[in-house]
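Subject: Handover of a structure and the findings from it

Dear colleague,

Please find below the structure that I am passing on to you.

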Amino acid sequence: MAPLIALVAGTALARLAGLAGVAALDGWHPALRVGLALMFVVTGLAHFAATYRSDMIAMVPPTLPRPDLLVTVTGVLELVGAAGLLAPATARWAAAGLALLMLAMFPANVSAVRRGLTLGGRPATPLGPRTAEQALFVGAAVAISFGA
């Protein structure tokens, strides 16, 4: 839920800042870049937070090697991607890379639900809502990648 809140609230606040006169945020496209960047800061940092790290490692499908390394690498990629979203020159490429990263990581969410795992002490989000949420996140990244 926190990533969704970060995306929506970050986008809305950035858009309000644009309407208030911040030229760099004047429009939905730049505001969406800020919201998505905030979302990836939240999710990227979670890869390293003691509360979530072991749960994220457990989410990695058992067939993949070195789940600890995969969680570290994906966390770093999310944080680097978030920074890339904030620079207009790299935003489209960062968004495309993050969309692909989200698609590559989605099997971990499926694995977590199927194995009845928890994330931060709460059951993993059921597959229907999680899939819809993932579609929204990927859609936001695609909109940035192909948007104006």
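Helices in this message are DSSP runs of H or I with at least four residues, strands are runs of E with at least two, and both are numbered from the N terminus. Please note that the model is a predicted one.

I begin with helix α4. This helix covers residues 67–86, which amounts to 20 residues. From its first C-alpha to its last it reaches 29 Å, close to the 28 Å expected at 1.5 Å a residue. Its buried residues are Val71, Thr74, Gly75, Glu78, Gly81, Ala82, Gly84 and Leu85. The partners against which these buried residues pack are α2, α3 (50–59), α5 and α6 (127–146).

Is Ser111 buried or exposed? Ser111 counts as buried because its relative accessibility is 10%, and the cut-off for buried is under 20%. Its side chain reaches the backbone oxygen of Met59 at 3.4 Å. Leaving aside neighbours within four places in sequence, Ser111 is in contact with Met59, Val60, Pro61 and Pro62.

Next come the salt bridges, of which the count is three. In one of them, Arg15 is paired with Asp26, and the closest N and O atoms are 3.7 Å apart. This pair links distant parts of the chain: Arg15 is in helix α1 (residues 2–19), Asp26 is in the loop between α1 and α2, and eleven residues separate them. Arg15 is buried, at a relative accessible area of 13%, whereas Asp26 is exposed, at 53%.

Another salt bridge joins Asp68 to Arg66, with 3.2 Å between the closest N and O atoms. Asp68 is partly exposed, its relative accessibility being 30%.

Glu133 and Arg130 also form a salt bridge, in which the closest N and O atoms are 3.4 Å apart. Why are these two residues separated by about one helical turn? The reason is that they lie three residues apart in helix α6. Glu133 counts as buried at 14% relative accessibility, and Arg130 is buried at a relative accessible area of 13%.

Not counting residues up to four places away in sequence, Thr125 touches Val113 and Arg130. Thr125 is placed in the loop between β2 (122–123) and α6. With a relative accessible area of 36%, Thr125 is partly exposed. Thr125 and Met1 are 124 residues apart in sequence, yet their C-alpha atoms are 8.9 Å apart in space.

Finally, I turn to the surface. Which residues form a nonpolar patch there? They are Leu38, Val41, Val42 and Leu45, which together have about 290 Å² of accessible area. Of these, Leu45 is found in helix α2 (residues 28–46). Leu45 is partly exposed, its relative accessible area being 49%; the cut-off for exposed is over 50%.

With kind regards

How values were computed:
Residues are numbered from 1 along each chain as its sequence is written. This is a predicted model: local features need pLDDT of at least 70, side-chain atom pairs count only at pLDDT 80 or more; totals for chains, interfaces and linings use all residues. Side-chain values use heavy atoms; hydrogens and water are left out. Patches are made of residues with over 30% relative accessible area and no salt bridge: like charges are joined within 9 Å, nonpolar side chains (Val, Leu, Ile, Met, Phe, Trp, Tyr) within 5 Å. Accessible areas come from the Shrake-Rupley method with a 1.4 Å probe; for residues, only the protein chains shown count as cover. A salt bridge is a side-chain nitrogen of Lys or Arg within 4 Å of a carboxyl oxygen of Asp or Glu. Buried means under 20% relative accessible area, exposed over 50%, partly exposed in between (1.4 Å probe, protein chains only). A polar contact is a pair of N or O atoms within 3.5 Å; within protein, one must be able to donate a hydrogen and the other to accept it, and residues adjacent in sequence count only if both atoms are side-chain atoms. Contact means heavy atoms within 4.5 Å. The expected span of a helix is 1.5 Å times one less than its number of residues.
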